[in-house]
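Work through these exercises with the structure open beside you. Try each task before you read its solution.

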Amino acid sequence: MTKITAAITAVNAWVPDYLLTNKVLETMIDTTDEWITSRTGIKERHILKTPGEATSDIGARAVEGLLKKRGISAEEIDLIICATTTPDMQFPATANIISDKVGAKNAFSYDINAACSGFIFALATGSKFIETGQYKKVIVVGADKMSSIIDYTDRATCVIFGDGGGAVLLEPNIDGFGILDSILRTDGSGRAHLHQKAGGSLKPASAETVAAKEHYVYQEGQTVFKFAVTNMADVSAEIMERNHLTSDDVAWLIPHQANKRIIDATARRMGVSDEKVTLNIERYGNTTNGTIPLCLWEWENKFKKGDNIIIAAFGGGFTWGSIWVKWAY
Ligand code: UT7
């Protein structure tokens, strides 16, 4: 029987207009453009300021553009998976809200929360639905309004994150293109170093949790940095080894954009040269689930059919992983 793989057949992304630059941050907190640039690689990030707009609006705009690009209607979509860490609300899922906003009346939909690794966890999950042969059009969204959980008086976190997201369409392929392998990992003990303290069932929102600023991102940057460097680099090397891919075989590395120094270390470990690495952290910061679709979208014109692409991520949880994609168009 012919093996069905899930090919990425269209990519789109969306970011809000407002730009929060390092220069503006210099006026808000005790920091400098030099510190932010040298420690993270970030120069500016997009922030969603429109009242009443949320992660689902980022996702819905990305999906609307995706459908247009591929020339299909929302009714044709079977499934929408949204990877997000900043859902519109605790429930229902943001994917349900995106489905409603774009008119995907025949789709079922749900969210995946794996922090910064969410998009690749969702991509691997979505690909399995296609591989069964039962589903023909699956959309995977990665979107976050990180500004909704960032304390803009905390210089250790507010310089890093931005808002944005994107979406890809997965369709069946029988010629060996698409998502060919994935390695996904979790270590829940890492939660101590990167989490949101309140707002869940452990510590429901109260006047006290708000006063204690417990609804913002809590991150022990140095510890997360060490785990991110090791794990993202190791898992990227592992997926190459087990598929007998040399650095020459790899056309592109698409790393989660959390810190330029983590990206450089991953590329070095894989033996992949800088020109093969997609890097746009400078203009977007860390958009959590948005980083990888934003890279796919910006580099789409450079990809060639048959290119071997390694996608890698590391995030809160801890979660991390890598995916091997053979580009289909
Ligand atoms: O995507 C999800 C996973 N997250 C990550 O991968 C993030 C991983 N971590 C990082 O990227 C880095 O750890 C950060 C960018 C968050 C921080 O960089 P760092 O080189 O690890 O800095 P640090 O936390 O060790 O802080 C060094 C110094 C401290 O001052 P002292 O104690 O040495 O006097 C900080 O208070 O830099 C200070 N600092 C700042 N200074 C100016 C922290 N933030 C700032 C700032 N501006 N914005």
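**Exercise 1. The ligand shell**

How many residues surround the ligand, and which are the closest? Then sort the shell by class and by origin.

*Solution.* 
Step 1. Keep in mind that this is a predicted model.
Step 2. Count the shell: 23 residues surround the ligand. The closest are Thr31, Arg39, Gln222, Asn259 and Asn286.
Step 3. Sort by class. The shell has 11 nonpolar, eight polar and four charged residues.
Step 4. Look for helices. H2 (33-40), H6 (155-158), H8 (221-242) and H9 (260-270) each supply at least two shell residues. H8 gives the largest share, four residues.
Step 5. Check the domains. Domain 1 (5-176) and domain 2 (180-326) each contribute at least three residues to the shell.

**Exercise 2. Polar contacts and cover**

*Solution.* 

**Exercise 3. Positive phi**

Most residues other than glycine have a negative phi. Locate Ala115 and Lys213, give the phi of each, and decide how accessible each one is.

*Solution.* 
Step 1. Ala115 has a positive phi of about 50°. Its loop runs between strand S5 (108-112) and helix H5 (118-131).
Step 2. The cut-off for buried is under 20% relative accessible area. Ala115 has 14% relative accessibility, so it counts as buried.
Step 3. Lys213 has a positive phi of about 60°. Look for Lys213 in the loop between helix H7 (207-211) and strand S10 (217-219).
Step 4. With a relative accessible area of 42%, Lys213 is partly exposed.

**Exercise 4. Cis peptide bonds**

Most peptide bonds are trans. Which residues does a cis bond join at Pro92, and which at Phe318?

*Solution.* 
Step 1. A cis bond links Phe91 to Pro92, with omega about 0°. Pro92 sits in the loop between strand S4 (79-83) and helix H4 (94-102).
Step 2. Gly317 and Phe318 are also joined by a cis bond, with omega about -10°. Phe318 belongs to the loop between strand S12 (308-315) and strand S13 (319-326).

Terms used:
Residues are numbered from 1 along each chain as its sequence is written. This is a predicted model: local features need pLDDT of at least 70, side-chain atom pairs count only at pLDDT 80 or more; totals for chains, interfaces and linings use all residues. Side-chain values use heavy atoms; hydrogens and water are left out. Buried means under 20% relative accessible area, exposed over 50%, partly exposed in between (1.4 Å probe, protein chains only). A residue is near a molecule or strand if one of its heavy atoms lies within 4 Å of it. Ala, Val, Leu, Ile, Met, Phe, Trp, Tyr, Cys and Pro count as nonpolar, Asp, Glu, Lys and Arg as charged, and the others, Gly among them, as polar. Domain bounds come from an automatic or database domain assignment.
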